[in-house]
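Here is a short note for someone opening this entry without having seen it before. Please keep the structure in view while reading.

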Amino acid sequence: MPIVELTCISCPLGCPLKVETDGEGKVLGVTGNTCKRGEAYGRKEVSAPERTVTSTVRVEGGVPPVISVRTRTDIPKEKIFAVMEAVRRAVAKAPVQIGDVIIKNVADTGVDLIATKSTEP
Amino acid sequence: MKRYDTVVIGAGVTGSAVARELSRRKGRFLVLEKASDVCEGTSKANSAIIHAGFDAQPGSLKARMNVRGNLMMDKLSEELDIPFRRVGALVVCLREEELPRLRELQERGRENGVEGLELLSGEQARALEPNLSKEVCGALLAKTSGIICPFALTLGLAESAAKNGVEFRFDTEVTGLSPEEGGWVLQAGGEEVHTRTVVNAAGVHAGLLHNMVCEQKLAVIPRKGEYCLLDKTAGGHVGRTIFQLPGRLGKGVLVSPTVHGNLLLGPTAADVEDPDSTATTAAGLTEVMEKSAWGVKDIPYRQVITSFMGLRAHEAGDDFVLAESAPGFFDGAGIESPGLSSAPAIGEYLAGLVTDKLGLEENPDFDPIRRGAPRIAELPLEERAAKIAENPLYGNIICRCEEVSEGEILDAIHGILGARTLDGVKRRTRAGMGRCQSGFCSPRVMEILARELRLDLTEIRKNGGDSQIVLKKTRGEREA
Amino acid sequence: MSQSGIHEIAIIGGGPAGLAAAIAAREAGARDIVILEREKELGGILNQCIHNGFGLHTFQEELTGPEYAARYIRQVKDLGIPYLLSTTVVDLRREEDHVAVTSVSRRDGLLQTRARAVVLAMGCRERPRGALNIPGTRPAGIFSAGTAQRLVNLEGYLPGRRVVILGSGDIGLIMARRMTLEGAKVLCVAEIQPYSGGLKRNIVQCLQDYGIPLKLSHTVVDIRGKERVSGVTIAQVDQNLKPIPGTEEDFDCDTLLLSVGLLPENELSKAVGVELAPATGGPRVNESLETNIPGVFACGNVLHVHDLVDYVSEEAANAGRCAARFAAGTLSGGGREIPLAPAGAVRYTVPAGVDPVRMDGEAVVRFRVGRNMRKAVVTVLAEEPGQEPRTLLRRKRPVMAPGEMEQIALKKEWLTGDETKITVEAREEDA
């Protein structure tokens with residue numbers, strides 16, 4: 001059975017994990033962890049890894065030229081570059097408020113892209 | 001056809017000094033510089049010392065020009081409004097048996113006409129400079145030795161020349177030089193420039209230009225010297241420039257305060273192939289640190305904020321070449337140490353040769369006074385407040401380490417030979433020269449340059465050539 | 001020069017430390033507070049830290065830098081605490097009954113703000129290239145990671161296309177991912193130490209996710225390029241961190257980012273006569289985070305470089321409360337300060353001493369260790385004349401790393417006041 005080797009990021013210990021799978025994405029077991037969080041991390045990271053994407057989008061109509069954004073929650077890791085492509089094309093109209101939705105359901109992830117800053121304080 | 005009386009090639013300290021002296025006469029003068037600013041070659045990276053003049057061989061041009069240049073410096077620094085301090089220098093001797101050589105040096109100085117030389121015991125020297133090492137057993141004190149900002153001197157000379165009518169063209173390299181009826185024609189930046197006379201002040205490239213037109217070839221060898229600059233917290237480690245008497249271990253390096261309050265260590269000396277290479281080496285920087293410790297103790301090496309390499313234009317004959325080497329072609333070549341100290345005298349001398357050749361008349365409108373832009377942070381508080389009231393931009397600090405304001409950066413950009421690059425602003429205002437080495441202020445200075453010169457941020461350069469800093473906008477435009 | 005009346009507290013810096021100090025000082029009863037900030041907005045470095053990972057301790061949720069800052073800025077505004085923007089403090093002076101803070105700005109010109117107490121919250125700066133003495137040329141294309149971060153995240157410009165990063169601190173790792181997402185190719189991250197100073201999470205999510213190699217025990221030994229960087233050479237280093245000849249590897253790149261350490265920015269502290277601790281580069285403070293100059297307090301990265309902003313906020317809040325007590329005259333002179341001494345792998349402690357009389361229940365002692373350790377134990381010992389050292393605290397730590405700040409709480413009730421020294425020690429359990 002295929003084994004994926006990972007470093008656990010749940011705490012500074014950084015345990016070297018071995019995650020055994022059935023070759024089709026199903027996790028059979030995790031070894032090398034020293035706590036439950038490690039096991040959970042190993043399972044998730046191998047079967048359905050997720051990340052938050054943070055970036056900037058162009059602001060139309062003024063200062064600042066770009067405003068920071070993030071996906072409201074984690075998105076599937078394999079969608080990172082698709083999200084970035086949408087981020088690159090997006091244009092926000094000033095004024096932007098922190099929390100405003102910049103792109104709904106960005107790159108079809110089911111997650112919104114939101115502003116993390118306001119254009120005016 | 002537009003024809004100049006004189007074209008000076010090179011806007012380093014020598015070329016700028018020649019240009020300023022020429023502007024005392026009536027005529028059409030042009031300075032051509034291949035870099036984007038004044039002081040981009042040998043002039044910018046050296047020991048920043050105005051030597052007393054005891055070192056050069058009696059009778060040499062180096063001796064003559066050094067002593068004369070040193071004498072001229074008080075008046076000149078006042079006229080140009082640039083910092084110059086006669087802090088004095090000590091040549092320290094580390095071995096008893098080498099003490100007679102200090103006396104020889106004093107004797108040579110006397111022959112060269114240097115005033116204020118005095119032999120000291122080790123104790124006397126340490127009384128003046130408590131951080132001299134205990135091995136120092138004697139020293140020669142040279143009271144007329146001084147320190148200066150090489151960039152300020154060069155810019156001051158160049159701006160004074162420009163103010164008095166000399167034209168300057170930057171980013172313009174001279175690629176061809178040939179005689180024509182009554183003068184010379186230069187290929188410069190894709191154009192022909194006609195002139196009656198040429199002054200070759202091209203630093204490490206002076207040999208190349210000379211050899212284009214003269215039978216008797218010159219061998220100008222780039223010789224590199226590496227330096228370390230320490231933070232201002234170390235600036236008071238010595239009060240004078242400390243040289244080491246060349247001894248058993250070879251030539252030492254100097255330890256000197258700078259006019260800006262830093263401590264300078266260096267240089268090493270090695271010949272190099274590439275006249276444009278200013279790469280430092282691990283071995284060179286180690287050598288600077290090791291040798292500087294011979295004569296001065298407890299140097300706080302952790303305070304190093306930057307290191308750099310300078311190239312000296314060494315000529316095989318070991319003296320300056322100041323002469324009309326071909327009809328109407330004047331060399332200011334082989335200008336290595338003490339070139340900075342000698343520059344005012346070289347300018348006077350070469351401009352004199354040109355004047356005699358062309359029979360130039362005096363320029364009655366020549367104004368020797370040039371005012372530098374004010375350093376706001378150095379003003380007394382009340383004056384500073386008044387300046388800010390006059391121009392609020394003097395209150396907007398851009399470079400926090402050196403406390404340089406937006407107003408001063410605008411002065412630098414809109415000056416008579418205005419800054420067009422990040423380094424140009426840095427050298428004129430000191431923005432970016434402090435302990436963070438431009439980490440915080442460079443994006444802000446870039447923005448100001450872009451705004452004032454009506455350029456996009458991607459067009460702002462560090463210095464000349466293709467030294468762009470940011471490459472493209474992340475949003476809203478396609479890849480260039 | 002215009003001069004203010006005497007405020008209760010002036011706070012120098014409107015970043016995370018200054019904001020938290022101001023809020024806590026107000027909540028502790030100080031009415032008259034002013035924040036001086038050199039940038040044109042509050043929030044400090046958080047404004048350019050657009051990545052997530054902030055606030056897990058403080059808010060139990062994961063925020064980006066600007067979001068974390070916004071929560072504190074909102075509170076400062078709601079509490080009506082005044083702040084001056086684009087205002088650079090250029091001098092500090094201790095006068096008889098106040099501290100004189102001289103600042104300049106476009107709007108107010110030269111201004112003297114007077115306050116009974118001052119909180120230093122100026123943060124830190126990045127160690128520049130010059131301090132490393134990397135040989136080579138000095139072309140365009142060499143940036144400290146934070147400068148590149150500002151150019152990308154705030155100005156919207158890409159500083160390079162082919163990038164080598166020196167230093168695997170968190171900013172370097174974050175910028176590796178950021179540049180990659182903006183279309184640059186990050187060739188490698190070189191780290192001179194045999195371990196990374198960055199969080200495991202960042203190594204995984206910023207490097208491994210994008211296949212960026214991390215070269216431990218490697219450093220840059222040459223930089224090439226006359227106008228723009230054209231390449232760098234990286235070599236392996238030995239145990240003394242000296243490059244090993246023959247291990248050089250050339251990289252063609254147009255950019256070198258440096259993430260090689262942060263230095264507390266204490267030029268102003270020195271101006272007012274604050275004593276600095278060599279191990280941190282920040283002021284030497286007591287349990288109240290007060291420096292040797294009465295009424296001058298310090299917190300955040302100007303005091304010592306932190307790993308998490310949450311701890312900055314916590315520490316700064318304490319400094320704000322103590323400053324409020326000082327301004328109100330209730331931070332009594334107290335008794336005698338007991339020095340804290342680092343031992344074993346502990347490099348320093350903040351505070352450097354405690355006065356039990358002035359302690360408000362407990363003092364949080366923060367420290368870092370100088371090496372990676374497994375199965376470590378932290379011991380706090382009190383020494384009194386004529387007595388065996390007394391163990392105040394003994395705590396096992398499965399892992400300790402130089403990149404992570406540690407903290408313990410020193411309880412007032414443990415102390416008699418007669419101690420001559422309190423030792424904070426970390427070592428391997430079986431050692």
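1. The structure is a predicted model. What is said here should be read with that in mind.

2. Domains of chain C. Chain C is split into domain 1 (2-125 + 263-331), domain 2 (128-260) and domain 3 (358-428). Between the C-alpha centres of domain 2 of chain C and domain 3 of chain C there are 36 Å.

3. Domains of chain B. In chain B the assignment gives domain 1 (86-147 + 222-313) and domain 2 (376-459). Taken over C-alpha atoms, the centres of domain 1 of chain B and domain 2 of chain B are 32 Å apart.

4. Contact of chains B and C. Chain B contributes 45 residues to the contact with chain C, and chain C contributes 41 residues. On the side of chain B that touches chain C, two or more residues each come from α7 (282-295), β18 (304-315), α9 (381-390), α12 (442-453) and β23 (472-473) of chain B. Of these, α9(B) has the largest share, with six residues. By residue class, the side of chain B that touches chain C holds 20 nonpolar, 14 polar and 11 charged residues.

5. A strand pair across two chains. β23(B), one of the elements listed for the side of chain B that touches chain C, pairs with strand β11 (residues 157-158) of chain C. The two run antiparallel and are joined by two bridges. Within this pair, B:Lys472 has C:Leu158 as its bridge partner.

6. The sheet in chain C. Five strands of chain C make an open sheet in the order β23-β21-β28-β25-β26, and the pairing is mixed. Inside the order, strand β21 (residues 338-344) of chain C is parallel to strand β28 (residues 421-428) of chain C, with five bridges between them. Which residue of β28(C) is the bridge partner of C:Ala343? The partner is C:Glu425.

7. A hairpin in chain A. Strand β2 (residues 16-21) and strand β3 (residues 27-31) of chain A run antiparallel and share four bridges. A:Val19 has A:Val30 of β3(A) opposite it. Five residues lie between β2(A) and β3(A) in this hairpin. One residue in the turn, A:Gly23, has a positive phi of about 85°.

Note on methods
Residues numbered from 1 in each chain as written. Chains lettered and ligands numbered in written order. Predicted model: local features only at pLDDT ≥ 70, side-chain atom pairs only at ≥ 80, totals over all residues. Pairing = 2+ DSSP bridges. Domains from an automatic or database assignment. Contact = placed C-beta atoms within 7 Å. Nonpolar A, V, L, I, M, F, W, Y, C, P; charged D, E, K, R; others polar.
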